[in-house]
Amino acid sequence: VNQRSVSESFQVRIPRPPEIANIVALISYPAYTGLSPAVQTGSGSVEAPEGSQVHLSLETTEPVKKAAFRIQGKPAEPFSGNGGNAWIRDFTVDASYQYELVLTDNQEKVHVQPVVYSVKSLPDSSPEVVITFPAKNLAAKFSDKIPVTFSGTDDYYISRVEFCYSHDSEHYSTAPVEIRGKKILSTFMLNLDTLPVTPNLKFSY
């Protein structure tokens, strides 16, 4: 009689490779932009003015031993974390580049994530300002008060405007006009008798 016996059952668990479950970028913009901080969820790609501070948070599907940020062509830089599913990294937007995320599991196996993210540094262009009144070659009395109307634009934010003038190779400016906005249109009163000029003197502004 053929006899056989069956052993007890054993289970084999094949761990799933870790992946990015969620990624969040908190972007703090430079003061000169006048922009409030922004939260971006679901993507590690960042497009922000140069000098912006980024707080990047990762959540992984499985606990990992290490997480790293690798700019293409450069050594990987680590995220902060104590091992687990949550990792963070802070960086400054100072150039444009692409990067990938690299996870190392608890068995020291490296998993390069398939998504390539980008960081785009946006330059700050100089503001533009135009004096719309008075016209050029103005004749005025020494005691006149002249309304000066001006408009200006900036890609982010204008915080103040100064009226600059010169004569005899000397350069001067009035007290700054505090004004805030991306597009501005305003008028201030120029009192000629408060300027260090004398009657019959020509000056440029």
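How many nonpolar, polar and charged residues does the lining of the largest pocket have?

## The largest pocket

By class, 17 lining residues are nonpolar, four are polar and three are charged. Here Ala, Val, Leu, Ile, Met, Phe, Trp, Tyr, Cys and Pro count as nonpolar, Asp, Glu, Lys and Arg as charged, and the others, Gly among them, as polar.

## Basis of the model

The model is predicted: local features need pLDDT of at least 70, side-chain atom pairs count only at pLDDT 80 or more, and totals for chains, interfaces and linings use all residues. Residues are numbered from 1 along each chain as its sequence is written, and side-chain values use heavy atoms, with hydrogens and water left out.

## Arg89

Arg89 belongs to strand 7 (residues 84–92); strands are DSSP runs of E with at least two residues, numbered from the N terminus. Arg89 has a relative accessible area of 14%, so it is classed as buried (under 20%, 1.4 Å probe, protein chains only).

The side chain of Arg89 makes a polar contact with the side chain of Glu77 at 2.3 Å and reaches the backbone oxygen of Pro78 at 3.3 Å. A polar contact is a pair of N or O atoms within 3.5 Å; within protein, one must be able to donate a hydrogen and the other to accept it, and residues adjacent in sequence count only if both atoms are side-chain atoms.

## Strand 9 and its partners

Strand 3 (residues 46–49) runs parallel to strand 9 (residues 110–122), joined by four bridges. Strands pair if DSSP finds at least two bridges between them. Pro49 stands opposite Leu122 of strand 9.

Strand 8 (residues 97–104) pairs with strand 9 in the antiparallel sense over seven bridges, and Val102 has Val112 as its bridge partner in strand 9.

Methods. Buried means under 20% relative accessible area, exposed over 50%, partly exposed in between (1.4 Å probe, protein chains only).
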